[in-house]
Every structure is written in C-alpha cells, then in structure tokens.
Amino acid sequence: MAASCRLKPLSSVAVSGGTHGNEMSGIYLAKHWLRDPMELRRGSFAVTPFLGNPRAIEKCERYVGQDLNRTFTTELLSSTEAEDEPYEVGRAREINQTYGPKGSAQAFDFMFDLHNTTANMGACLIVDSEESLLPMHMCHYIQTHYKWSPCRIYLYKLPGEETYSIDSVAKAGLALELGPQPQRVVRADLFAQMRALMACALDFIELFNKGTVFPAFEIEAYKITGRMDYPRYPNGEISAMVHPKLQDKDFLPLHPGDPVFQTFSGEEIVYKGDTTIYPAFINEAAYYEKKVAFAKMEKHTFSIPGLQRE
C-alpha cells in the first residue's frame, strides 16, 4: 500500500437533484432540502442543494434539448452563447459559474449528483476513476457503514476521456444511482435509501474534516470498457431485445457464449467477446436513444492509499 495522502478539509458541498428531470428520488429530496435543510447540516462545512435542470423537471422529462449530464465538457462550457443552442448548454454554463469554474481553485470542494435508473443496479456509487482519492474513500466508508443494501462502485471514465458530468464542475464528486425505478415515479423505499446514503456520505466528510485518519485499503470496483448496442435492422430499428437470462443481472458475470439478446422471432444471440464482463445499466430506458443496451464493465480490485486532512 502507498503512503497516506493529505488533502485540505472541505468547506463547500453542493447536491444536485433533477440533473435528469424524470428521475424523481433526487428531485423530491432536493426540493425537501430546499424547504428544510436541517438534515444536511454538519458542523464543519456547508451544503447547498439545488435543482439541476429546472425546465426538464417542470416537464418531467430527462432533458428539453440535450442531456445535461453530458454537457460539462471544456468545449461546451467555454462556448459562446448562441441563440439556437439547447437550453442545457446555457444551464451548464450557469452551474459552472455558480459551483465551479471546472478545474479552478474557486470551485466547490465536492458535489453529489442524485440519479435513478430503470435498470436493476441497486444502490450504485459512481466515480470518474479509481484515482479520485477522496470519493474512493467515501465509497469505502459508505460500503462499511451503510447496511441497507450492498453498494457497488461504478467507474465511468474511459481512458483518455474528459469528465463530462455535472459533478465534474466541483473539485471532487460522487453520483448516487438507485434502481430499479420507473421514470416519472418516486418509490418510498429508494427515496429512503438515497436519503440514508447522503447522510452517510456527509458523515464521512465531517469525520475527515475533524481529522479522522482513514487507513489504506483494497476495494472492488467495476470499470467501464465500452458499451454494447442492440442488434439493428438496416433501417436502424432494433431487431432484438435483452435476453431474459441477462435481464436484471446487472454486475453479474457474462461469459463468452452466454445469451445476451433475443430477436423478435425468438432466436438467441450470444455474447461473442473473448473475456468475461460484468454488464451494468442493462436495458436502461434512457439509453435506447443513445444506442446502448448495457455498459461493459470489468471487475477490479484497487489498492487505495490512506487519507487524512492537512
């Protein structure tokens, strides 16, 4: 294990609900906290809840022009305002100005982003990379102290890819992804789980700020390697659906030769990869337009150095 690392204490933390306007747990949690922020309060730092995409929330749609959570690239954030640009591009600039600027010393210390998925992901903790020290320690703390359900770690950034999510505006971030929950629906059980996960994460920050020394550890996480599209007819329509034996098997091993799709006439299509993968976001409703049937993940064990405040 590497030597312990020291980071500055956190003073400014933001929480986005409704980055996607039809994912209801985070929307109603953020609205609740905007009315009554008491449960967010800790002694050593301030927490600011906000609604990520107000227009999409009003319409109860994922977005109105383009996916806000893919809009925080340097190119888009630095682009000149245009009359015909999607609403989310301007909204991303506003968020970057308020909670960033991205990559600057003035940016918020941490941002949480609250999501739901229609896939059977359970409680999932999404981090850009295993190299993000503070979020990885937060994930480890949550896995150790949150007893409601297992919490898998999803590392979303491909090699050489720029971070593009809303929480990348802050110095560090974590997205909570809870499912399965239908779009436009709020389930009380997942609402309560998201609330408890947030409480656990804020407790970790408070302990870190107060000088708790977090030792090095090894941790299992799932790292994206690519995405699998549905089989398609020449006109672009899908020609098959997720196979019943794969449906709801997020984060479970998929071996070469295992069934992945079933055509509408009932024929089986098998996985032709060379190695075992661990699919996630299987049959996610929001990803049909993105031509993604599931994310292809590898399971790794990472060694994370110890952490304490400066």
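This talk describes selected features of one predicted protein model, from its helices to its salt bridges, loops and surface.

Good morning. Please note that this is a predicted model, in which local features need pLDDT of at least 70 and side-chain atom pairs count only at pLDDT 80 or more, while totals for chains, interfaces and linings use all residues. Residues are numbered from 1 along each chain as its sequence is written, and side-chain values use heavy atoms, with hydrogens and water left out.

I begin with the helices. Helices (H or I, at least four residues) and strands (E, at least two) are DSSP runs, numbered from the N terminus. Two packed helices are described by the angle between their axes and the distance between the axes. The axes are lines fitted to C-alpha atoms, for helices over the stretch in contact, and the angles run from 0 to 180 degrees between N-to-C directions.

How do α5 and α6 pack? Helix α5, residues 133-145, meets helix α6, residues 188-209, at an angle of about 120 degrees, and their axes are 9 Å apart. The two are therefore oblique to each other; angles under 35 degrees count as roughly parallel, over 145 as roughly antiparallel, 65 to 115 as roughly perpendicular, and the rest as oblique. The crossing of α5 and α6 is right-handed. A crossing has that name if the near helix is turned clockwise from the far one by less than a right angle, and is left-handed if anticlockwise.

Helix α6 also packs with helix α1, residues 24-35. Here the angle is about 60 degrees, with the axes 9 Å apart. The pair α1 and α6 is therefore oblique, and its crossing is right-handed.

I turn now to the salt bridges. A salt bridge is a side-chain nitrogen of Lys or Arg within 4 Å of a carboxyl oxygen of Asp or Glu. The whole structure holds 15 of them. In describing the residues, I shall call them buried (under 20% relative accessible area), exposed (over 50%) or partly exposed (in between), using a 1.4 Å probe and protein chains only.

Asp67 and Arg62 are joined by a salt bridge of 3.0 Å, N to O, and both residues are buried. They also belong to a network of salt bridges that links Glu23, Arg62, Asp67, Arg70 and Lys290.

Another salt bridge, at 3.5 Å from N to O, joins Asp109 and Lys171. Asp109 sits in the loop between α4 (87-99) and β4 (110-116), and Lys171 in the loop between β6 (151-155) and β7 (173-179), so this pair ties together parts that are 62 residues apart in sequence. Asp109 is buried at 15% relative accessibility, whereas Lys171 is partly exposed at 45%.

Is each partner in the bridge between Lys210 and Glu206 buried or exposed? Their closest N and O atoms are 3.2 Å apart. Lys210 is exposed, with a relative accessible area of 63%, but Glu206 is buried, with 11%.

Next, the loops. The loop between α4 and β4 also contains Pro101, and the peptide bond from Gly100 to Pro101 is cis, with omega near 0 degrees. Gly103 lies in that loop as well and is exposed, at 79% relative accessible area. The C-alpha atoms of Gly103 and Val242 are separated by 39 Å, and the two residues are 139 residues apart along the chain.

A cis peptide bond also joins Gly179 and Pro180, with omega about 5 degrees. Pro180 belongs to the loop between β7 and α6.

In the loop between β11 and β12 (294-304) we find Phe281. Phe281 is not a glycine, yet its phi is positive, about 55 degrees; Phe281 is buried, at 3%. Asn283 is in the loop between β11 and β12 too. Its phi is also positive, about 60 degrees, although Asn283 is not a glycine, and Asn283 is partly exposed at 21%.

Finally, the surface. Which residues make the nonpolar patch of about 300 Å²? They are Tyr233, Met241 and Phe264. Patches are made of residues with over 30% relative accessible area and no salt bridge; like charges are joined within 9 Å, and nonpolar side chains (Val, Leu, Ile, Met, Phe, Trp, Tyr) within 5 Å. Accessible areas come from the Shrake-Rupley method with a 1.4 Å probe, and for residues only the protein chains shown count as cover. Phe264 is placed in the loop between β10 (259-263) and β11 (268-270) and is partly exposed, with a relative accessible area of 46%.

Thank you for your attention.
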